[in-house]
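Keep the structure in view as we go.

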Amino acid sequence: MSKQTSFFTSIKRLYPHVRPIIPRLLLGLVSALLASVVALAIPQVLRVLVNDFLKPGGAGSAVWISAVVILLLGLAEAGLVALRRFFVINPATTVETRMRVSLYDHLQDLSVAFHDRWGSGQLLSRAMSDLNFLRRWMAFGAIMLVVTTLTVAIGVGVMFAMSWQLALIFLAAALPIMVYSFRFRRRFSLVARLSQDQAGDLATTVEESVHGIRVLKAFGRSREALENFNGQAEELRQTEIAKAKQQAELSLVVTLLPELALGVGLVVGILLASTGEMSIGSLVAFFATAAVVAAPVEFSGMLLAMALTAKSALDRHFEVMDTVNTITSPDRPRSPAELRGGLRFDHASFAFDDGGPLLHDITLDIRPGETMALVGVTGSGKSALLQLVPRLYDVTDGSVNIDGVDVRDFSVEELRTVVAVAFEDTTLFSSSVRDNVLLGAPDASDAALDEALDVAQAHFAYSLPDGVDTLIGEEGLSLSGGQRQRIALARAIAAKPKVLVLDDPLSALDVNTEELVEARLRKVLKDTTTLIVAHRPSTVALADRVALLEDGRIADVGTHTELLARNAHYRFVIASLDEGPKDLDSELENELDELEQEARR
């Protein structure tokens, strides 16, 4: 959570975003202020009407003239309110959109380590709810807060001009309101921030439950998930109730005290009128003015709460925007004189920010065009090692080099065209098969698309309802695990990389399909260096060489046959590897079918 800042310190950070629309905001402010001035003018018409015309011998036509004047003033007030909306709504939505796009761009730029720490719901609530609230505050809350303050100031000045005694009574009620508002500001800021954070956590829970709905259903954990969600929702409800109570208390104070002041003022005003110190018209005008001023005073509680919530939304927004990206391009990027794909880990070590060392002094050479399999027991650091190559994470010591150039000396954009990645836990996007496969090569031809699908043995794509233009749904969940893996592998192949990093992307394929994929990969990407995490003996056997990772260190390197002959730990690892595919979706469907058949029996 970010450190606490003052209201004006936080709001000041919004200035660069609103600077282009300040003229429109000022026009909206002037329109709203003129509307308030017009509202304050109506009591003065009533004063003249009562003092000069509503008396014996007064002209009857004056009543109609006054009514017409009041009607025109009312129409003018309504027109000015409409002008305020016209001036501010469009530019405010423009600022909201620009800030949202800027946030999304920054999120895309931030490192994987940042996204590991942040829940997706928290980021979603900042991108949607917080910025939506800021837009409403810019277009309404901020302007009306200024207008309300000026309206009260002008109104009190007019009231002093009519009767300083009654104005003092009304002003005396404002002092407790100011003291209470100061205390309210500190308490409400904390509960407003807590509410927004809890809403973000709740959004994260919803997203996780939706994405994991198959697992929840398969393991019969829907009730437990509901109870967990209900607990979080109840916490948010209690926080919202606490917010509402604080707002209600403020509304009580800012409503009750002015009304009490008006009651006392009425008694005093009648006494002043009875002694001739104040005219009846002035008394009527005073209370009409007080009624106009009381409305924004009562409204101020909601506006103050809105301003404090906007401050919290801004703090949350800049909490993300202030995060510095640690994976950046150097000022002077370098490239190899000849890009061949030689990959070397040179005494590379790595540790997560919140944990101890995971990889220790890794030294490993992979020759251009070679396929190197990486094996080890679970937790030995295989996936972490692979993610150092495209700089999803950076080494904490040593270096990773491609053709003699440290990957940190490449520009990030160039490095990620040189290196392509396919993960076991595939991520597809809610788009067509074509768009998913050509994600890393958007300008590639249909021939390149066909070749990538062929190499990945993803021919099923052509039999989908709209072929390769079929929309595959959110995260590709309409496909089986094996189909998703093949699409992800085709995506990596279509990028035509010099270095291909594969984190067990063939785990959901049967052995025959895997052999076909490997054979096609060798032919089509014969000049591509491949580093592959293997969890199946068949994958290991197809590699040129194998590196054994043990406790975060390279324990041995050699061919599959050599390591079997000389390394006991390697034999243990190979014996523990899975023999068959891990298409969890298919396995789950089979288990459900079996359960249904048993139920029928």
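Predicted model: local features only at pLDDT ≥ 70, side-chain atom pairs only at ≥ 80, totals over all residues.

Q: How many aromatic pairs does a search of the whole structure find?
A: The search finds 7 aromatic pairs.

Q: Are the rings of Phe-184 and Phe-188 stacked or edge-to-face?
A: Planes under 30 degrees apart count as stacked. The planes of Phe-184 and Phe-188 are at 25°, with ring centres 5.0 Å apart, so this pair is stacked.

Q: Where do Phe-184 and Phe-188 lie?
A: Both are in helix α8, which spans residues 174–211. They are 4 residues apart, about one turn of the helix.

Q: Is the pair of Phe-352 and Tyr-393 stacked or edge-to-face?
A: Planes over 60 degrees apart count as edge-to-face. Here the planes are at 85° and the centres 5.4 Å apart, so Phe-352 and Tyr-393 are edge-to-face.

Q: Which parts does this pair tie together?
A: Phe-352 lies in the loop between β1 and β2, and Tyr-393 in the loop between α12 and β4, so the pair ties together parts 41 residues apart in sequence. Ring pairs also link Phe-350, Phe-352 and Tyr-393 into a cluster.

Q: Is Tyr-393 buried or exposed?
A: Buried means under 20% relative accessible area. Tyr-393 has 8% relative accessibility, so it counts as buried. Phe-352, at 33%, counts as partly exposed.

Q: Which ring does the charged end of Arg-24 sit over?
A: It sits over the ring of Phe-86, 5.6 Å from its centre. Arg-13 lies over the face of Phe-318, at 4.1 Å from the ring centre.

Note on methods:
Residues numbered from 1 in each chain as written. Heavy atoms only, no water. Phe/Tyr/Trp six-rings, centres within 6.5 Å; stacked < 30°, edge-to-face > 60°. Helix = DSSP H or I, 4+ residues; strand = E, 2+ residues; numbered from the N terminus. Buried < 20%, exposed > 50% of the residue type's maximum accessible area, 1.4 Å probe, protein only. Lys NZ or Arg CZ within 6 Å of the ring centre and 35° of its normal.
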